Amino acid sequence: SSGINAEYGNTNYFIQSNLRVAMNQVLLFLVLFGLGSSNTAVVYDAQSDDCNALFYTERHELRIGGSTVDLTSKSSNSSCSADGTSRTLQISFGELSDEMKDVKLSYGFIVTDTGYWSSKAATLTYTNGTTETSLTGAFKVAYFIGTAFSFACTPAYTISLSSGNTSAALVIERYQIQAYMKGSVFVDEYQCINYISKGAWMGIFTGVLMIIVLVLSIMMLLSTTTPDRFETSKSKCLIIPHEH
């Protein structure tokens with residue numbers, strides 16, 4: 001019985017040791033994940049009877065006048081408006097500073113008759129209490145996305161806004177946009193990455209080039225003709241003209 005107890009004790013100790021190691025690894029992963037994910041994600045959800053829009057981003061910054069404002073940490077209200085084939089997601093932030101009050105940010109989208117939508121423009125409007133300023137810039141991230149799909153992208157994208165002598169920039173990163181589907185849940189997405197990478201294109205080009213060289217070599221070998229006359233001891237010597 002003592003041998004059985006000793007074996008049971010060793011097994012129990014082995015299990016407890018493995019559990020402690022596993023728990024330490026899980027805690028380390030959670031700590032590293034928490035340190036690596038400092039950005040705050042935000043979802044702008046605008047739903048109405050005739051217009052629906054979803055916008056998720058983990059980085060949403062406004063750069064203006066030498067300062068940077070983290071919009072993901074600001075409270076906001078989202079609304080969606082429709083005008084024919086166009087959709088506009090408007091995000092109202094209220095007051096961001098003494099010089100920027102009643103701040104509104106609009107993202108525009110347009111759909112084709114064949115059922116594909118694209119992002120169009122971005123507009124920033126605000127007032128300093130007396131004068132209203134409106135800055136507009138191109139918002140060209142999504143091109144010809146099916147209306148039954150959303151659009152997602154990881155790299156940072158900067159939108160340049162300007163009006164007269166005033167300029168600003170919007171930065172979004174790790175974002176997903178849905179403009180023409182109802183509901184507050186994202187559907188399947190198109191990714192902004194290319195389906196075929198540069199390395200794959202290089203391999204395809206090299207392979208095609210090698211195949212062309214191989215085909216030409218085989219054709220040249222097949223077109224080679226053998227002589228139809230051979231010199232023997234009884235035949236006359238072959239006379240090759242001097243010019244040949």
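A search of the whole structure turns up two disulfides. Keep in mind that this is a predicted model. For those new to the term, a disulfide is a covalent bond between the sulfur atoms of two cysteines.

Let me take them in turn. Cys 51 has 1%, so Cys 51 is buried. Cys 80 has 15%, so Cys 80 is buried too.

The other disulfide joins Cys 153 to Cys 192, S to S 2.0 Å. The torsion about this S-S bond is about 80 degrees, so the disulfide is right-handed. Here the partners are 39 residues apart, with Cys 153 in strand β10 and Cys 192 in the loop between β13 (189–191) and α2 (198–222). Cys 153 is buried at 10% relative accessible area, whereas Cys 192, at 29%, counts as partly exposed. If you number the bonded cysteines in sequence order, the pairing reads 1-2, 3-4.

Now the aromatic rings. How many aromatic pairs are there? The count, with ring centres within 6.5 Å, comes to 10. Take Phe 55 and Tyr 107: their ring centres are 5.2 Å apart and their planes stand at 70 degrees, so this pair is edge-to-face. Phe 55 belongs to strand β2 (residues 52–64) and Tyr 107 to strand β6 (residues 101–111), 52 residues apart. Phe 55 is buried at 2% relative accessibility, and Tyr 107 is buried at 1%.

Phe 109 and Phe 139 also pair edge-to-face, because their planes are at 70 degrees, with centres 6.2 Å apart. Phe 109 is in β6 and Phe 139 is in the loop between β8 and β9, so the pair ties together parts 30 residues apart in sequence. Both Phe 109 and Phe 139 are buried. Ring pairs link these residues into a cluster whose members include Tyr 44, Phe 93 and Trp 117.

Last, the core. Which residues touch the most other members of the largest nonpolar core? Of its 41 residues, they are Leu 62, Tyr 107 and Trp 117. Several strands each supply at least two residues of this core, among them β1, β2 and β6. Leaving aside neighbours within four places in sequence, Leu 62 is in contact with residues including Val 69, Leu 96, Met 100 and Leu 124.

Methods:
Residues are numbered from 1 along each chain as its sequence is written. This is a predicted model: local features need pLDDT of at least 70, side-chain atom pairs count only at pLDDT 80 or more; totals for chains, interfaces and linings use all residues. Side-chain values use heavy atoms; hydrogens and water are left out. Rings of Phe, Tyr and Trp (its six-membered ring) pair if their centres lie within 6.5 Å; planes under 30 degrees apart count as stacked, over 60 as edge-to-face and the rest as tilted. Helices (H or I, at least four residues) and strands (E, at least two) are DSSP runs, numbered from the N terminus. Buried means under 20% relative accessible area, exposed over 50%, partly exposed in between (1.4 Å probe, protein chains only). A nonpolar core is a set of buried Ala, Val, Leu, Ile, Met, Phe, Trp, Tyr and Cys residues joined through side-chain atoms within 4.5 Å. Contact means heavy atoms within 4.5 Å. A disulfide is a pair of cysteine sulfur atoms within 2.5 Å.
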